[in-house]
Amino acid sequence: MRKLYYFLVLLLIFLTCFWLQAETDFLPYHNFFQLRSALIQITGLISVTLMSIAMLLAMRLRFIERQTHGLDKSFRLHKHLGIASVTMAIVHWLLAIIPKYLVQWQLLARPEKGNGPFNEQSLYSLIKPLRGIAESIGEYSFYGFVILVAISLLSAIKYKNFKITHRLISICFLAIAFHSAILIKHAYWPYPITYIALTFITLGSCAALWSLFGQIGKSKQHSATIVSATYNAINKVLDLTLQTPNWHGHKSGQFAFIQFPGEEAHPFTIASADHQQGKLSFLIKELGDFTSKLKEHVSVGQQVKVEGPYGCFNFAEAGPQLWIAGGIGIAAFKAILQERGKISSYQKVVLYYCTETPDNDFLHTLQAQATQANVTLKVINNRLDPFLTVTQLNKELGNITQYKIWFCGPTKFSHALKCDLKTLNYDLHHFHEELFEMR
């Protein structure tokens with residue numbers, strides 16, 4: 001994943017180099033307004049490029065998911081690019097707006113504007129009249145874009161409203177794309193920077209339209225029927241089983257989006273191995289408004305939509321493995337336990353299940369699955385025992401740096417473990433985790 005961030009930085013460096021090729025007289029400039037014009041161009045180009053890549057990441061395309069090592073990682077990168085693009089857009093806006101006020105306050109001399117060479121038969125003669133409206137559309141779309149991104153970053157906002165803000169962001173992006181394409185400096189037209197920028201703008205616009213027409217994930221959607229729904233009051237977990245006739249199979253550790261009637265689709269880990277029968281099990285913990293009320297609205301025979309599978313939590317690395325589940329994170333390991341129970345495996349695996357609400361029936365089933373899968377199960381009762389630490393793991397397992405780690409649980413738990421692992425010079429490339437905070 002880190003390599004992908006390096007690639008994006010390299011991409012922006014190349015974009016800047018192509019811009020410098022077009023801005024041959026960037027340094028030194030004769031006056032402030034020439035420098036301002038050049039900086040407005042590059043900040044705008046970087047911002048719309050980052051926005052376009054963020055739009056592409058939101059499309060849930062399989063080849064992009066492979067590059068990011070999972071849709072959860074794609075969404076995290078999508079979030080970071082959204083923040084970065086807004087930051088650059090604010091710089092772009094400040095460069096455009098502040099000098100205008102300085103001129104009004106007579107702190108800067110008004111720049112002299114020249115017409116330059118102009119061919120009435122050229123393509124530019126058709127585009128030039130659009131520049132005024134492009135500036136106005138870009139300014140108001142920028143305000144909307146900043147507000148919507150800020151709203152979507154608020155964790156308190158409900159998921160349904162979060163989805164609405166993202167649809168509105170797509171509309172804002174289309175307006176910003178128009179603004180960016182029309183206002184590319186005419187002097188840049190003979191240079192590659194123009195065509196690079198237009199390529200990203202076109203790709204981002206296609207992604208935005210795909211989203212607005214509700215086509216994202218459409219090819220992976222399947223109709224399903226609820227065949228069982230059991231609620232565990234101790235763990236506050238809904239055990240849901242769906243029959244999905246056209247399901248094309250999944251790998252252990254993957255997840256899917258479930259769309260219940262009248263609701264937006266939500267992601268949940270698939271807690272069953274692929275038996276090629278179209279049956280999917282999910283363990284859904286009460287963690288918010290939607291999941292807390294779900295048990296009251298589901299019933300056997302109800303029709304839902306399932307989209308997936310997604311994710312690359314695939315247990316593929318060779319060598320001793322350490323699995324750590326925090327709370328409902330155990331769902332990510334249920335499928336692999338079932339899968340390994342049907343094959344002869346001599347790979348050393350230790351599974352730590354950390355829970356505040358241990359349920360005897362669930363633990364009995366989990367222990368039976370672990371034994372059949374040749375996995376050593378250790379249960380940490382967080383009500384009675386101290387929280388699991390790297391020190392404890394080292395004491396019980398020996399040299400923990402020899403293990404490849406798969407983690408699924410609360411973010412704070414993950415962060416604490418990784419901080420302690422760094423002190424042991426553990427290679428965090430071998431620390432795999434699901435990122436279910438997808439917003």
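Modeller: A cavity is a set of points, on a 1 Å grid over the protein atoms alone, where a 1.4 Å probe fits but cannot get out. This is a predicted model, where local features need pLDDT of at least 70, side-chain atom pairs need 80 or more, and totals for chains, interfaces and linings use all residues. Residues are numbered from 1 along each chain, and side-chain values use heavy atoms, without hydrogens and water.

Biologist: How many cavities of 30 Å³ or more does the search of the whole structure find?

Modeller: One. The largest cavity holds about 40 Å³ of space, a volume filled by probe spheres set on the points.

Biologist: What makes a residue part of the lining, and which residues line the largest cavity?

Modeller: A lining residue has an atom within 4 Å of a point. Here the lining is Gln221, Phe257, Gln259, Ala265, Lys305, Val306 and Glu307. Strands S3 (255-259) and S6 (303-310) each supply at least two of the lining residues. S6 gives the most, with three.

Biologist: How many lining residues are nonpolar, polar and charged?

Modeller: Three are nonpolar, two polar and two charged.

Biologist: Why is strand S10 called largely enclosed?

Modeller: Five of the five residues in S10 (residues 404-408) are buried, so the rest of the structure largely encloses this strand. Buried means under 20% relative accessible area (1.4 Å probe, protein chains only), exposed over 50%, partly exposed in between. Both faces are covered: Lys404, Trp406 and Cys408 are buried on one side, Ile405 and Phe407 on the other.

Biologist: How do you know that S10 pairs with S7 and S11?

Modeller: Two strands pair if DSSP finds at least two bridges between them. S7 (residues 321-326) and S10 share five bridges and run parallel. Ile324 stands opposite Phe407. S10 and S11 (residues 431-433) share three bridges, also parallel. Trp406 stands opposite His432.

Biologist: Which elements make the right-handed β-α-β unit?

Modeller: S10, helix H13 (residues 411-423) and S11. Right-handed means that, with the strands pointing away from the viewer, the path from the first strand over the helix to the second runs clockwise. Helices are DSSP runs of H or I, at least four residues, and strands runs of E, at least two, numbered from the N terminus.

Biologist: Why is Ile151 called partly exposed?

Modeller: Ile151 has 31% relative accessibility, so it counts as partly exposed. Ile151 sits in helix H6 (residues 131-152). Ile151 and Pro320 are 169 residues apart in sequence and 43 Å apart in space, C-alpha to C-alpha.

How values were computed
On a 1 Å grid over the protein atoms alone, a cavity is a set of points where a 1.4 Å probe fits but cannot get out, and a pocket is an open set with protein on both sides within 12 Å along at least five of seven lines; lining residues have an atom within 4 Å of a point. Ala, Val, Leu, Ile, Met, Phe, Trp, Tyr, Cys and Pro count as nonpolar, Asp, Glu, Lys and Arg as charged, and the others, Gly among them, as polar.
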